[in-house]
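I opened my notebook to get to know a new structure, one look-up at a time. Here is what I wrote down, in the order I went.

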Amino acid sequence: MRILLIEDEEELAQAVARGLQKCGYAVDTAFSAGEALDYWAAYRYDVTVLDLTLPDMDGLMLLGRLREAVPDARILILSARSAVSDRVKGLDLGANDYLIKPFDFLELEARIRSLGRLRFTEAGDTLRCGGLTLDLAAREARFNGRPVSFTRKEFGILEYLLLHKNEAVPASRIIDHVWDSDADLYPDSLKYHIHSIKKKLLAAGAPDPLVQNVRGVGYKAVEK
Ligand code: CA
């Protein structure tokens with residue numbers, strides 16, 4: 001899942017970004033509304049976290065612009081403005097959720113997770129495919145009940161493939177949702193990670209084409 005974090009307080013932004021990356025998310029950080037709009041034009045985010053007091057534009061105005069550009073975007077406001085009227089205004093302008101500063105990181109992560117999965121109605125916190133189970137809250141994978149240890153990146157790739165089970169997912173879309181723009185991404189990075197995922201699945205006893213290459217397109221998680 002890829003997140004855009006819009007926050008001008010650098011220390012806070014970096015701490016939140018690091019925390020989310022540890023949870024396995026790809027995170028881009030914008031320190032101003034201008035930067036946020038640039039990122040927004042270049043990538044498609046699963047969840048956007050928006051601080052309301054930015055140096056170059058009021059956060060509520062930015063919210064309106066983002067909402068207009070991508071009507072089904074998932075946006076969470078993060079703000080020290082705790083008045084009910086501010087919250088109502090934010091929600092009226094199309095925020096999906098509102099978290100008041102100071103906040104607990106675990107609560108932020110839980111809300112992001114919940115917003116991210118709104119797109120995939122009944123997915124819940126557990127994804128399943130042919131004996132493979134991903135627990136998104138604990139970031140744990142099992143095959144037929146036995147733990148399989150994936151790296152963060154591998155887990156993110158599997159999460160995206162399982163959300164689109166039995167669908168050929170273009171490699172570029174996987175990259176867009178699993179890597180952030182700072183990441184060192186080599187042409188073969190995805191291929192390398194997929195190879196490692198397949199090896200681990202085979203070692204865990206999974207059937208061979210649980211993750212399949214789809215020639216000329218990308219990859220597919222297959223449930224027979
Ligand atoms: Ca701020």
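This is a predicted model: local features need pLDDT of at least 70, side-chain atom pairs count only at pLDDT 80 or more; totals for chains, interfaces and linings use all residues.

Entry 1: I found five of them in an open sheet, and reading across I get the order β2-β1-β3-β4-β5, with parallel pairing. At the edges I noted β2 and β5 (97-100), each of which pairs on one side only. I also looked up the twist, and from one strand to the next it averages 20°. A reminder to myself: strands of a sheet pair through backbone hydrogen bonds, either parallel or antiparallel.

**Entry 2: strand β1.** Next I picked β1, residues 2-6, and asked myself: are its residues buried or exposed? I found that five of its five residues are buried, so I can call the strand mostly covered, with buried taken as under 20% relative accessible area. Then I checked which way they point. Arg2, Leu4 and Ile6 go one way from β1, while Ile3 and Leu5 go the other, and all are buried.

**Entry 3: two pairings up close.** I followed β1 to β2 (residues 26-30) and found five bridges joining them, with the two strands running parallel. Opposite Leu5 I found Thr29 in β2. Then I moved to β3 (residues 47-51) and β4 (residues 75-79), which pair in the parallel sense over four bridges. Here I looked up Thr48, and its bridge partner in β4 is Ile75.

**Entry 4: helices on the sheet.** I wanted to know which strands helix α2 lies across. For α2 (residues 33-42) I wrote down β1, β2 and β3, and the helix runs at about 140° to β2. I then turned to α5 (residues 105-117), which packs on the sheet and touches β1, β3, β4 and β5. The direction of α5 makes about 175° with that of β5.

**Entry 5: two helices together.** My last stop was α6 (residues 152-163) with α7 (residues 171-178). Their axes come within 10 Å and cross at roughly 125°. The two helices are therefore oblique to each other, and I noted the crossing as right-handed. Which residues meet there? From α6 I listed Lys153, Gly156, Ile157, Tyr160 and Leu161, and from α7 Arg173, Ile174, His177 and Val178. I sorted the residues of this contact by type and got five nonpolar, two polar and two charged.

Notes
Residues are numbered from 1 along each chain as its sequence is written. Side-chain values use heavy atoms; hydrogens and water are left out. Axes are lines fitted to C-alpha atoms, for helices over the stretch in contact, and angles run from 0 to 180 degrees between N-to-C directions. Angles under 35 degrees count as roughly parallel, over 145 as roughly antiparallel, 65 to 115 as roughly perpendicular and the rest as oblique. A crossing is left-handed if the near helix is turned anticlockwise from the far one by less than a right angle, and right-handed if clockwise. Contact means heavy atoms within 4.5 Å. Ala, Val, Leu, Ile, Met, Phe, Trp, Tyr, Cys and Pro count as nonpolar, Asp, Glu, Lys and Arg as charged, and the others, Gly among them, as polar. Buried means under 20% relative accessible area, exposed over 50%, partly exposed in between (1.4 Å probe, protein chains only). Two strands pair if DSSP finds at least two bridges between them.
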